[in-house]
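Walk through this model one feature at a time.

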Amino acid sequence: MKARVFVTLKNGVLDPQGKAIGHALNGLGFPQVGEVRQGKLIELEIAGSDADKARADIKAMCEKLLANTVIEKYEIELK
Amino acid sequence: MKAAVIVFPASNCDRDAKVALTEMTGKAPAMVWHQDSDLPDVDLVVIPGGFSYGDYLRCGAMASQSPVMRSVKAHAEKGGAVLGICNGFQVLTESHLLPGALMRNAGLKFVCKPVTLKVEETQSAFTRGYNNGQSVVFPVAHGEGNYYADDATLDRLEGEGRVVFRYAANPNGSARDIAGILSEKRNVLGMMPHPERVVDGATGGTDGRALFKSLIETLS
Amino acid sequence: MTEITPAIVAEHGLSPDEYARINTLLGRAPNMVELGVFSVMWSEHCSYKSTRAHLRKLPTTGPQVIQGPGENAGVIDIGDGDACIFKMESHNHPSFIEPYQGAATGVGGIMRDVFTMGARPIAMMNALRFGAPDHPKTRHLVAGVVSGIGGYGNCMGVPTVGGEVNFHPSYSGNILVNAMCVGLARTDNIFLSAAKGAGNPVVYFGSKTGRDGIHGATMASAEFDDASEEKRPTVQVGDPFAEKLLLEATLELMATDAIIAIQDMGAAGLTSSSAEMGDKGGSGIELNLDMVPQREANMTAYEMLLSESQERMLAVLKPGREAEAQAIFKKWELDFAVIGITTDTKRLVIKHKGVVAADMPITALSDEAPVYERPYTLREPASGTPAYDKARPVLASLEKILGSADMASRRWIWEQYDHSVMNDTQQAPGGDAAVVRVHGTKKALAISTDVTPRYCKADPRRGGMQAVAECWRNLTAVGATPLATTDNLNFGNPQKPDIMGEIVAAIDGIGEACRALDFPIVSGNCSLYNETNGEGIFPTPAIGGVGLLKDASKMATIAFKRDGDVVILIGETRGHLGQSIYLREIEGKEEGAAPRVELDVEKKNGDFVRRLIEQGRVDTCHDVSDGGLAVAIVEMAMPRGLGAQVGQASIADAIGFWFGEDQARYVIAVPFAQAEKIVAEARAASITVAELGKTGGDSFSIDGKDSIAIAKLRTAHEDWFPNFMKAEL
């Protein structure tokens, strides 16, 4: 199975990088861009075919290492 | 005082910490490799600056999972002193030995310069040698030193006298100008500025000496 | 099998004559793999085919020299069994295409050159040239290069302690990123690349091989056109974490006696490292590519041989020592593999999947590489002094100059570099030279990189001399004895006689100055074809010098330290304004002769100043260079906000006096009680000397009339860079 984990800053945590990207996009002639939040995408190859188990395992990975839950939230996508 | 310095693969202030400790205590600290699960019997553990595991994923994230950190946690739980400097501070927050997190500098750039700090708290093993409110100059050198915690945590840190150093002019956007904090039991200090770089007068000052002296007086 | 057509030969950057020569040397037509190998080994970057004949004229020896050019880096003796190993290298073309990775891998490459020889890197410097500040790409390139240098160097834990930066339209399409690394070793533990002896294992360690940067070396040897930006995939990606591991593991291996020869894999990776080791050792090398640690599937022999994946090394070990080495790399979590063996055939034989993929005599790749005596024309140097308005007020011009692109503070840059890690930095960026202590001793190394491209454009020979003289002067100004240099020669297309003339003249000037100042060249690098759409850069032969302070506690810095010190000018001021910053910034003219370089005067003045510093009599010193005397004095006043009241000491023309760029000058500041004696000693030594005034107050004033606050000048000086970069993400 292929899994994608999206890690982003929690709402309410200031994202200076996102802010700078938004500012730059506005400056490049895209005034329609409002708030920008940036994060990271982590792709995982997971052995096995039990989707529920995989999801639970990835959740544990996120809590343990992939995300810092003090400031970050995560979403898991399984294919 | 017996000290140990933890060495991760890409620690790069480990030698500086060793030199400073040797100069101040008169004996070389034990250098402990990150794969070692045993910590020698020491009074102080220093987690030095650097990039531990390349600072990939998040600064200090992978280091916090290394074998040696289990022993460091046990040492801290027993009340042993732990000093995390720069990347070491990041490792301590990632290991939940200290609250909060260190985020990318608000200016988005790495910043290396001497900064003036205010000593906010002298009731600790690390800072009893300073005067309350004293101004000291330490260098900072980091890309992610922007301290973040929610308001309740910040209030608590301040209320309990756990904010030890504050920036006079904030270099990284850190919440409430926080440069260094103590754990609840006051035996773990994490700070972004580098006290070990201001021990030898020939290279930028001696304001860091009092920090090591405080530890020696308390822990010996 | 792919048929080798003239088009394929041309794509490999080889001329029809060169291809014919390959056929003769092999006694047959090369296959594709061999053609690829020849293309990189015979590229300008690897073979120095246009410059080799001229580089031979440079002085490279001296009692202080342990290893001159030809190895990965130069080595000098700094006493007590300590050796200093250093080199400067360009990464111009990759940095223009992808500034972050280009600059980062440039830093990584030069560090590997230094630690390959057994040294721990202790300081990094860089010399950067960008296009016009208002060119649409400049900000993006500045931001990328600076963060790339910082990103790599900071992670390595090696302080980046200084450098220089210029902006000029001649670099708008070809920026220059020259990085210098200085390392420390013991004289009895220096490692070379000669793979002597047959039957010894050839081992590979570091990161895996991928398809990175294939043909980077040929890219660095061709002009840019607008399509070059599409060559992006060939730019390598740096991994400073892997390099840090490689550094520590390599030094750990070097502490054993298992190594016979070692060479980093830089440009042209596996090919050039193995060919160079075999060539220097007079041996042959046989590699089995199946054993090479690979990051990607189905890599061909051609790809593996030409890959420029970073953070890799090749070494020849003593037989039977493989397991010991492997254990070290396992500890550092790096790949390690025995990939071949040395032979006595003097041939480079490459096996892949059970067949011989390439088989070439090693000398064909090295000694037999073409050397060109390219035709050149020496143009008449620019001469004369352009007209200028002699009545223009000095202080308003001074403020404007201090806040101009080339003269403004570089703090915005160097605060992004960790310059204090390793805790031996005794002089951080902002002074004349960086000063880094030899760990655990009272000795220190002074380091400076210098060249004034506008002088080189006006008069390449004099510009070459001046680059060496200024570097020597900067080392002297902190109190160091200059020992040796590395050169990074950046020029346009050598196939144009005018450009080749610039190269020949500049090398000639460099050689003369190095001889006169006892300042040999021990390593270096050439970067040619710095042209875009036929427009060449200003000739830019950057000189990186290293000097020694035997007692670093005596070191001088530029900052005024005491109220009431006497400000003394050493050296003669004639008011030379040709090619000056003043003319360019205030009058808008880039004209006239470059300033005269008198090497005997340079030496006499410098030796005098250095002796004063060594004797502990002078702790405040600054050389006079870009911008002239007024700029030099204000640069001494700004660090502590301590002003100076000075007067004109000679020649009637105030503009020439305060802004002229005459060479061989220093400003020192000494307590009143000592000034008279120092002036008398200078006169007795027939050195031109003048008392200009005193330090004090918080402003800079001239002749007791006009005055300007140091704070105002500092604002102009400090604000330019942050304001310039504000718009960049």
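Over all chains, the count comes to 21 aromatic pairs, where rings of Phe, Tyr and Trp (its six-membered ring) pair if their centres lie within 6.5 Å. Planes under 30 degrees apart count as stacked, over 60 as edge-to-face and the rest as tilted. Phe8(B) and Tyr53(B) form a tilted pair, 6.1 Å centre to centre with 50 degrees between the planes. The two residues are 45 apart and link distant parts of the chain. Phe8(B) sits in the loop between strand E1 (3–7) and helix H1 (14–25) of chain B. Tyr53(B) sits in the loop between strand E3 (44–47) and helix H2 (67–77) of chain B. Helices (H or I, at least four residues) and strands (E, at least two) are DSSP runs, numbered from the N terminus.

This is a predicted model: local features need pLDDT of at least 70, side-chain atom pairs count only at pLDDT 80 or more, and totals for chains, interfaces and linings use all residues. Residues are numbered from 1 along each chain as its sequence is written, chains are lettered from A and ligands numbered from 1 in the order in which they are written, and side-chain values use heavy atoms, with hydrogens and water left out.

Now take chain C. Helix H7 (residues 99–115) and helix H8 (residues 138–156) of chain C pack at about 35 degrees, with axes 7 Å apart. Axes are lines fitted to C-alpha atoms, for helices over the stretch in contact, and angles run from 0 to 180 degrees between N-to-C directions. Ala, Val, Leu, Ile, Met, Phe, Trp, Tyr, Cys and Pro count as nonpolar, Asp, Glu, Lys and Arg as charged, and the others, Gly among them, as polar.

Further along, helix H21 (residues 599–614) and helix H24 (residues 672–684) of chain C pack at about 145 degrees, with axes 11 Å apart. Phe608(C), Arg611(C) and Leu612(C) in H21(C) meet Ile678(C), Glu681(C) and Ala682(C) in H24(C). Four of these residues are nonpolar, none polar and two charged.

Conventions:
Contact means heavy atoms within 4.5 Å.
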